[in-house]
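Morning, everyone. Please look at one helix with me, and then at a pocket.

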Amino acid sequence: MHHILGVLSILMLSINISYAASTEPQKKGEEISSNEETGIELSRKQLQSVVNENSFFSDKPAVFHPSCDNPRLLEKVLARIEQYYKETPSPSIVDKRRQALMLRQLETFVPVDVNSFPPKENYAVADRLIDIKINDGIKSQDLSLCKSKGEREIYLLIYPQDSFYTVEIINFPGQPISKDFTTVYD
């Protein structure tokens, strides 16, 4: 952002200097060269392109929308789950074995249609889909839902946020609020 402001300042300064030079009374025999006029017009065009709002911000994230079988997406989700396990260690050997089994079962996710998702399949997912559409204003076509192929069905809700995608991990054991259990796909 500082770089953009610096470029904008330089362009404004060059336009002001050029404008001041062009409005000063000319001495006899002095003419403004065509190179200076071309430079002034070029500076004005560059300033117009910099000022254009669309050149700074886009409604779309800077990365492609990840698919459910995207290896990088899976890597980020597994890293987030491993981080959770490290933050909340379990003293029980049985729980540690469950955690290891859970991580092995989360190797494959398949897409689920957001528009035809039946609430009876998983109420937490259905509630979050409604919540994100109404409260966050995210359209169905911008959402992706993925489901694991393990014993316990874990869902990934993928939606745009700023210049990246947020991935909520829903129905994960010990995480009742999926808004707080997310990772970033950037």
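Start with the outward face of helix H3. Turned away from the buried side of H3 are the exposed residues Pro71, Glu75, Lys86 and Glu87. Exposed means over 50% relative accessible area, buried under 20%, and partly exposed in between, with a 1.4 Å probe and protein chains only.

A word on the source. This is a predicted model, where local features need pLDDT of at least 70, side-chain atom pairs count only at pLDDT 80 or more, and totals for chains, interfaces and linings use all residues. Residues are numbered from 1 along each chain as its sequence is written, and side-chain values use heavy atoms, without hydrogens and water.

Now the other face. Buried in H3 are Leu73, Val77, Leu78, Arg80, Ile81, Tyr84 and Tyr85. They sit on the same side of H3, because they cover an arc of only 155° around the axis. That arc is taken from the directions from the helix axis to the C-beta atoms. Why can that happen? An α-helix has 3.6 residues a turn, so residues three or four places apart point the same way.

What covers the buried residues of H3? The cover includes helix H4 (93-105) and strands S3 (155-161), S4 (164-170) and S5 (182-185). Contact here means heavy atoms within 4.5 Å. Helices (H or I, at least four residues) and strands (E, at least two) are DSSP runs, numbered from the N terminus.

Last, the start of H3. There, a side-chain oxygen of Asn70 comes to within 2.8 Å of the backbone nitrogen of Arg72. On to the pocket. H4 gives the most to the lining of the largest pocket, with 6 residues.

Methods: Polar contact = N/O pair within 3.5 Å; in protein donor to acceptor, adjacent residues only side chain to side chain.
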